[in-house]
Amino acid sequence: MDKRKAENIRVKGSIIKALFDLMHEKSFSDITISEIIRKARVARVSFYRNYDSKEDVLLTLIDDILEQYRSTIDSNETYCYSLQNVERSFEYFKKYGEFALDLYRFGYGSILLEKLNRFHEEIAGTMPNGSIEKYELYMYIGALFNTAIMWIRNGAGESVRDIALMFCRTCRIPCD
């Protein structure tokens, strides 16, 4: 990796960490870009090279995580309805659990859920509005999101495998 790319990754990581640290101290609406760059120890131009706004920091992070996830899904699977993809989903929720919980706690869970909806719609392909399949997709995403948030909130004591098996049995997804 070249130096510029490595430095940009470091800058983005510093900005993200600074924003989340500040969100623990005050409401999102009270946080300024100046506070973020001061806490991140980056230049204002570095912030605006990567983001349009503080909201864009959150949206870009969610998009980046979903793109990482997309690169791991098995396209041979029947879309998302497999134990393997459910397990992978819980692995990602566990890996990014603190971030997901912070968004949820600070009232931004609906943004994360909406991004998950759009992401899964893209993968599933075109479905007519109001179709049973589309409602099934939303049920699946909502159940997965809610289960993952509660699992992480409770300390993720169950293994990824156990929580994925429970989810698949409950949603009648084949567990083999």
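In this predicted model, the lining of the second largest pocket is made up, by class, of seven nonpolar, three polar and two charged residues. This pocket holds about 180 Å³ of space. Among the residues that line the second largest pocket are Ile-9, Lys-12, Gly-13, Tyr-51, Asp-64 and Tyr-96. Helix 1 and helix 4 are the elements that give two or more residues to this lining, and helix 4 gives the most, with six residues.

The largest pocket comes next. Its volume is about 200 Å³, and 13 residues line it, of which Ile-16, Phe-20, Glu-98, Phe-99 and Asp-102 lie nearest its centre. Two or more lining residues come from each of helix 1 (3-23), helix 4 and helix 6. Sorted by class, the lining of the largest pocket has five charged residues, two polar and six nonpolar.

Rolling a probe the size of a water molecule over the atoms shows where empty space is left. Here, the count comes to one cavity of 30 Å³ or more, and the volume of the largest cavity is about 240 Å³. This cavity is lined by 17 residues, with Ile-65, Leu-66, Tyr-92, Phe-93 and Leu-116 nearest its centre. The elements giving two or more residues to the cavity lining are helix 4 (54-70), helix 5 (83-95), helix 6 (97-105), helix 7 (109-124) and helix 8 (132-153). What classes of residue make up the lining of the largest cavity? The lining divides into 15 nonpolar and two polar residues, with no charged ones.

How values were computed
Residues are numbered from 1 along each chain as its sequence is written. This is a predicted model: local features need pLDDT of at least 70, side-chain atom pairs count only at pLDDT 80 or more; totals for chains, interfaces and linings use all residues. Side-chain values use heavy atoms; hydrogens and water are left out. On a 1 Å grid over the protein atoms alone, a cavity is a set of points where a 1.4 Å probe fits but cannot get out, and a pocket is an open set with protein on both sides within 12 Å along at least five of seven lines; lining residues have an atom within 4 Å of a point. Grid points are joined across faces, edges and corners, and a volume is the space filled by probe spheres set on the points. Helices (H or I, at least four residues) and strands (E, at least two) are DSSP runs, numbered from the N terminus. Ala, Val, Leu, Ile, Met, Phe, Trp, Tyr, Cys and Pro count as nonpolar, Asp, Glu, Lys and Arg as charged, and the others, Gly among them, as polar.
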